[in-house]
Amino acid sequence: MGNAIRGIIAFIPAERCQRFLVGDLKEMPLDRTLDLSGRQLRRLPVAACVFGELVKLYLSDNNLSSLPAELQGLKKLQLLALDFNCFEELPAAVCRLPQLNILYLGNNRLCHLPRELKELKELNTLWLETNCFTVFPEVVCELPNLKTLHLGYNQIQSLPRELSVLEELRSIWLAGNQLSEFPVVLLEMQLLAVIDVDRNKIRRFPGLSHMEGLKLIIYDHNPCVNAPSVGEGVKRVGRWADCSDNETEDSSSKAASETKVEIMEAQHEEEPNV
């Protein structure tokens, strides 16, 4: 009965009804973390935005499509999770969080990002997987401290040359897009440690032996005719990578999938120490 009532109340956008879904928010959490994930929220109650010392805010798996302007009052927020919601636009208040360094926006309906995103100078991890991007959001190239970028499972066909200015970028995840060629700009980014171009349309891979920082290249499920050549100690995940010619492609793909799952799970646990 309780869940049924919550489900009905979730469809009433009034502040009072949405406050019922999050419970009592009178006191600042001792660990400076507020987790309101999976509450069926359609609006974020303003009461959740009064804790000026809050460091982590989880709003994943709700029905949010907007956020109140009061969110920008969380000046010490470092992590904001908005994945698995209904955002078609990134709320302006998010771009006014000066200490934000991890932002989860996966599994929404985004097709572009606002220019104001460049104000997030401290952002180092950005998840944009499973959205509606058909063009790479170039404002990302103006995030000087970005280290990890997840843009998998969109409809992106190419990367801009401006991406090379991100000297701090160490991992880029582009699985499940529409890349028909290996992005040339990545060849210039010799300090990249992880490149994931799994499940694209790349037919031929260039040599990657010159990339001094490379530790892992994932290129499985492409119609490629060759494996990328890499330097000593670099892990390859894909066809012809770690198996002899007489082994089946199915077994190679299975091993590749298992490896990738482990890596992605570890990446999603990246959070700031507070």
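1. Aromatic pairs. The predicted model holds 3 aromatic pairs. In one of them, the ring centres of phenylalanine 205 and tyrosine 219 lie 5.3 Å apart with the planes at 65°; because this angle is over 60 degrees, the pair is classed as edge-to-face. The two residues belong to distant parts of the chain, 14 residues apart. Phenylalanine 205 sits in the loop between strand S8 (194-196) and strand S9 (216-218), whereas tyrosine 219 sits in the loop between S9 and strand S10 (235-237).

2. Are phenylalanine 205 and tyrosine 219 buried or exposed? Phenylalanine 205 has a relative accessible area of 5% and is therefore buried. Tyrosine 219 has a relative accessible area of 0% and is likewise buried. Ring pairs also bring in Phe182, which forms a cluster with Phe205 and Tyr219.

3. Valine 197 is placed in the loop between S8 and S9. Its relative accessibility is 0%, so valine 197 counts as buried. Beyond its neighbours within four places in sequence, valine 197 is in contact with both Phe205 and Tyr219. The C-alpha atom of valine 197 is separated by 8.5 Å from that of glycine 152, although the two residues are 45 residues apart along the chain.

4. Overall composition. The protein chain has 4 helices and 10 strands. Read from the N terminus, the elements follow the order α-α-β-β-β-β-β-β-β-α-β-β-β-α. Among contacts with a separation of 6 or more, 28% join residues 24 or more positions apart.

5. The S3 to S4 step. S3 and S4 run parallel and are joined by 3 bridges. Leucine 79 stands opposite isoleucine 102, which is in S4. Leucine 82 lies in the loop between strand S3 (79-81) and strand S4 (102-104). The C-alpha atoms of leucine 82 and leucine 105 are separated by 5.2 Å, while the residues are 23 residues apart along the chain.

6. Surroundings of leucine 82. Why does leucine 82 count as buried? Its relative accessibility is 0%, and a residue under 20% is classed as buried. Leaving aside neighbours within four places in sequence, leucine 82 is in contact with Leu59, Leu67, Phe87, Val94, Tyr104, Leu105 and Asn108.

7. The nonpolar core. Of the 274 residues in the protein chain, 50% are buried. The largest nonpolar core has 69 residues, and Leu71, Leu80 and Leu186 touch the most other members. Not counting residues up to four places away in sequence, leucine 186 touches Leu159, Leu163, Ile172, Leu174, Leu192, Ile195 and Met211.

8. Backbone points to check. Which residues have a positive phi although they are not glycine? Arginine 32 has a phi of about 55°, and aspartate 61 also has a phi of about 55°. Arginine 32 lies in the loop between helix H2 (15-22) and S1. With a relative accessible area of 31%, arginine 32 is partly exposed, because this value falls between the limits of 20% and 50%. Aspartate 61 lies in the loop between strand S2 (56-58) and S3.

9. Confidence. The protein chain averages a pLDDT of 87, and 79% of the residues score at least 70. Over residues 244-252, however, the pLDDT is below 50. This stretch has 6 contacts in the model beyond near neighbours in sequence. Where pLDDT is low, predicted coordinates should not be read in detail.

Notes. Residues are numbered from 1 along each chain as its sequence is written. This is a predicted model: local features need pLDDT of at least 70, side-chain atom pairs count only at pLDDT 80 or more; totals for chains, interfaces and linings use all residues. Side-chain values use heavy atoms; hydrogens and water are left out. A nonpolar core is a set of buried Ala, Val, Leu, Ile, Met, Phe, Trp, Tyr and Cys residues joined through side-chain atoms within 4.5 Å. Buried means under 20% relative accessible area, exposed over 50%, partly exposed in between (1.4 Å probe, protein chains only). Contact means heavy atoms within 4.5 Å. pLDDT is the predictor's confidence in each residue, from 0 to 100. Rings of Phe, Tyr and Trp (its six-membered ring) pair if their centres lie within 6.5 Å; planes under 30 degrees apart count as stacked, over 60 as edge-to-face and the rest as tilted. Two strands pair if DSSP finds at least two bridges between them.
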